[in-house]
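Subject: Structure handover

Hello,

Here is the structure for you to take over. My notes follow below it.

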Amino acid sequence: SPLFSTNTEQRNDFIVKDFVETLSDSAVPASRRSLPSQTAPSAFDPKPLIRTFEAALSHLGSLSEDLASNENELSASVRRAEAQHNSNAAELGAKLDQAIESFNALDSTLNGPVEEYSRGEDKGGDGGGALALRIGERLEELERQRQRAQDAKFLIQCWLDVSEKGSLSVLEDMRRLGGSDGKVKCAAIARQLLRISGRLGPETRGTNGYGGEARNGNGAPTGRGARETIEKFLESLEKDLLKQFDDHYRKQNFDGMKECATALRDFGEGASVMGMFVNQHNFFIDRSQLVTEEVAGDSETWERIADPDAEPPGVEPGLQALIDEVKLVVQEESFIIKRAFPFYEEVLARFVQRVFQQSIQQRLESVLEKADSISSLAFLRALQSSRNCISTLVDDLKAHGLTEHPEPASSLITSTLDQQLDDLFVPYLMGSSYIEREKKSLEELYSSLLFKFTTYHQSKRKKMPTTYFDRLGQRGAQLMASAREAYMDRLDSADLPASQKAMLIRIAGLKDADTKEEKTEIEVTEEDGHLSLPNAKRMLKWLAEGVGRSLELSGGIETPKDVHALLALLLTHMGDIYLDTALDAAADLAGAQEAAKTEPDLSYLPPLRTAVQVLHLLQTSISTMLAPLASPNLTIRRDIDKAAQTTLTSLEGKISTILHRALDAALAWTARLLAAQKRTDFRPRDEDLAGAIEALQTQTCLAIYTFLGRAHGAARAAIDGPNLTAWAAELATGLRALLLEHLRRFSVSLTGGLIVSKDVTKYAELVRGWGLQGTGFEEEGGMEVLVEVANLFVIGPEALRERLMKGGGVEEVGELRRFVERREDVGSVGVQAVLNGL
């Protein structure tokens, strides 16, 4: 069998299967393993394997016994080690408890009697701690007294030196050899010497009586002379510290900068070192060379910012670049300031003030000056975008924290940033200057937009108006006399830049050639005198932009006043000049059509739809945009509601008046058409009988049908919904009343009754197309009343008696009797019998 030991099983690559195969291979003789495969296989002989496995099993048994013996020895060793470890742990625990007890005893000895000592008690051995404390305090007090004595001795020595010798050699040596700490101490001592010189009596501070300064016996200056010497030393020391601070700054030695800044803090509250740090900063040096830099931007951008219909292009690129640079510089410099100055908040506040008051303010003024040279709107938009940009900068710096990063900025820096932001825009927002600019800009835009509208009203005046637009031309002079001349004078005013003048001319729809000479006639069309919904939307859009800008710029308690001012402007232009002018002209034309001898012209009705839409936009804008903004001020809110209600009620009343006048004109013309009805229409002659029967309706009926169809179509173009239904119901009611009265005036034959029925059917068809179902008109019988009346002319006596007997009351029967009496055969026996039986 192969040799093996316990190391065989301990190998990492030991595999039982391989081990058994190795034993098997070793048991087969080599001669049997090398037999050629062609020979016949011999019989299996298990004896070599059995002997090999028996030997291996025997050897494994002995190895197992050895392993068990080793395991027992190791277990005994482990038990002995554990017992020794437990003994050592117990011993160490006892020693630790002893050490803790000793420490507690010592701590009790030192600290226990302190309260008793503070009360003046002493209990022998328990007073050790109090004694140690008392000794320590006494030593500290002696050290302080010794230090004060040394300082006083040195101060007296320096004073004697300056008062007797007129020099500060001792301080000069300390200044030269003491390093930064020595210079700080020199500054403190020099200031004490300066206070001592200030307390000297008049005899030493004054002159010597001969015009010269007082001197002692050695000729050294005293009083004023000593004071001047000390001041010169302080001045020289300050310059030296500033130079040293600058050297450290150039080498980025923050510790050295901090030492110098600490010493210079006592020189004018550190103003000199803060001023030097801020003034010599590269940001201000580089920016000082760009003060005269012209505001950038292409002409297309400035044209867009001046165009009220275009979206503003945003902040001016140069200002935006400056803001971005300021943000990075202030954040980076805050890190240096905090490391270089013990009073870093004051330095940062000074740095921020300089950034805003010099760099940002200069650029802002240049941008606004450029925008103001373009137009009023360009100025307002530039003001808004610039404030938004700078306000975002302030918010970003607060959130960054600067010297407190990553925490938010301190209260001092926050208030400084807010104050600098307010100071930048106070000149443009103080008082009423801003809202006056806003009103002026809107007024110029509105006047230009309505120029052709008002010009049309003035120029299209005729003595005999025949159309709606001719009548519109008669209203201009009543509201805006000489609008064209006033507008041209405004354009020619020196206060308006050339670019703004060109923009207003474009909005007014004029060409440059129209403004070359004052006597040039401005060409306007009928469309110019028509109300335009897009123009109304433009006016409201411009107003909304102004309101939003007002909230961002002025805001707060001034908002209600600003809103009130803008509302007055809107009511004047959109209410009085635009809507009221068109409605008054339409109302005048409608009134003139009521008694016209020709068919009334209802062309003024379709434009009412635009008037209603514009009025709705105006009302919605006031209720949703303007009125809520004035809620904080109840007085202004009431004034706004009152002014808006007055204007809106007046405009709604005028629309209602126009519709009523149109209704009256339609009914008046219908009455004139009915009056032209021929007597023979309902009593045709025998020779006309065939033609009358073949005719569908009379000429009068066809004329009324056609006219009222056009009238309803015109009304439908103006109004819709319940308003149209109510107007049509009124028209139908008036038509029915006219027809009932009309039928009472004619004698109707049997054939004529058929003609009446055809006419009534045509009228009913007309009214049925107006959709009056469910209205009061239908509840009162609608046009069926006329159908029943027409039947009274054609039915026989028996049917007539039955119809009359069904009458609801005496009054209704009396009305029906009047129509029966208009029958041509009313004198017949049958009809008379019916009438006598009522």
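Start with Thr610. Leaving aside neighbours within four places in sequence, Thr610 is in contact (heavy atoms within 4.5 Å) with His530, Leu531, Ser532 and Leu533. Thr610 and His530 are 80 residues apart along the chain, and their C-alpha atoms are separated by 9.0 Å.

A note on the source: this is a predicted model, where local features need pLDDT of at least 70, side-chain atom pairs count only at pLDDT 80 or more, and totals for chains, interfaces and linings use all residues. Residues are numbered from 1 along each chain as its sequence is written, and side-chain values use heavy atoms, with hydrogens and water left out.

Thr610 belongs to helix H27, residues 607–626. Helices (H or I, at least four residues) are DSSP runs, numbered from the N terminus. Thr610 is buried, at 15% relative accessible area. Buried means under 20%, exposed over 50%, and partly exposed in between (1.4 Å probe, protein chains only).

Next, the loop between helix H17 (376–400) and helix H18 (411–429), which holds Pro406. The peptide bond from His405 to Pro406 is cis, with omega near 10 degrees. Leu402 sits in the loop between H17 and H18 too. Leu402 is not a glycine, yet has a positive phi of about 55 degrees. Its relative accessible area is 4%, so Leu402 is buried.

Last, Gln252. This residue lies in the loop between helix H10 (224–250) and helix H11 (254–264). Gln252 is not a glycine either, and has a positive phi of about 55 degrees. Gln252 is partly exposed, because its relative accessible area is 40%.

Best wishes

Conventions. Helices (H or I, at least four residues) and strands (E, at least two) are DSSP runs, numbered from the N terminus.
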